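Subject: Structure handover

Hello,

Here is the structure I said I would pass on. Please open it first, then read the notes below.

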Amino acid sequence: MAFVSLSAVSNSTFCGTQLNPTCPLRPTGFAKTRSTYYMKVRGTIPENNSTDRRTFLSLVGVTVASTMFSNSKAASASPTVVKTEQEWRKMLSPLAYRVLRESGTERSFTSPLNDEKRNGTFVCAGCSNKLFASKAKFDSGTGWPSFYEPVSSGAITYKQSPKDIIFMMKEVRCSQCDGHLGHVFKDAPQTPTGNRFCINGVALSFVPS
């Protein structure tokens, strides 16, 4: 089987949790079939080869099983900041609510925090949990605030869907309020960790030193 390397595709296409089939930036070769996005790359899903199709479906089955195990571990850590939907809506802006509570994605190059260069700490906009230090921020060119590591391993949690595994990324969430922050990719060799935490600016607040 052949998979497309993320480095060959615009990072902005995959930074959010929803693939947009009408987006002009989407990679050529994607098609939405029965509500599932498949990579229509030669050799990935052959049109007339039942053996390869069975192999592909077996791979999907293994992926789903591993995802269920991964998510079950993440779900065992209960958030310490819990609010009702009405409380979150009253507290957050409509866009912040869509991102943090509904796993939405802001448009690239729209957050002022993408250009923030002062020393300080980036905290969760929903609960003020300390997430990223300014020293870990770098310009990824994607249009979203990017970091190569969180302030601590306990600051964030991770989740993976089958799509996330196929695209070699993990969803990043706040460990205190379980708010959706963005995704992490292993595609930044220029950084000390090689990681790119692609974070929605509206999910963050900046506290200068």
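Start with Glu-149, which counts as partly exposed because its relative accessibility is 31%. (Buried means under 20% relative accessible area, exposed over 50%, and partly exposed in between, with a 1.4 Å probe and protein chains only.)

Before going on, note that this is a predicted model: local features need pLDDT of at least 70, side-chain atom pairs count only at pLDDT 80 or more, and totals for chains, interfaces and linings use all residues. Residues are numbered from 1 along each chain as its sequence is written, and side-chain values use heavy atoms, with hydrogens and water left out.

**Around Glu-149**

Glu-149 sits in the loop between strand 6 (146-147) and strand 7 (156-159). Strands here are DSSP runs of E with at least two residues, numbered from the N terminus. Setting aside neighbours within four places in sequence, Glu-149 is in contact with Phe-132, Ala-136, Thr-193 and Phe-197. Contact means heavy atoms within 4.5 Å. Leu-131 is 18 residues away along the chain, and its C-alpha atom is 9.1 Å from that of Glu-149.

Three strands form an open sheet in the order 4-3-11, with antiparallel pairing. Strand 4 (130-133) and strand 11 (204-208) are at the edges; each has a single partner strand, so one side of each has no neighbour in the sheet. Two strands pair if DSSP finds at least two bridges between them. Strand 3 (residues 120-124) and strand 11 run antiparallel and are joined by five bridges. Look at Cys-124: its bridge partner in strand 11 is Leu-204.

**Aromatic rings**

There are four aromatic pairs. Rings of Phe, Tyr and Trp (its six-membered ring) pair if their centres lie within 6.5 Å; planes under 30 degrees apart count as stacked, over 60 as edge-to-face and the rest as tilted. Phe-122 and Phe-147 are edge-to-face, because their ring centres are 5.0 Å apart and their planes stand at 65°. Phe-122 belongs to strand 3 and Phe-147 to strand 6, so this pair ties together parts 25 residues apart in sequence. Both Phe-122 and Phe-147 are buried. Ring pairs also link Phe-122, Phe-132, Phe-147, Phe-197 and Phe-206 into a cluster.

**Charges over rings**

Lys-83 has its charged end over the ring of Trp-88, 5.8 Å from the centre. Lys-170 lies over the face of Tyr-158, 5.5 Å from the ring centre. The rule: NZ of Lys or CZ of Arg is within 6 Å of the ring centre and within 35 degrees of the ring normal.

Best wishes

Terms used
Helices (H or I, at least four residues) and strands (E, at least two) are DSSP runs, numbered from the N terminus.
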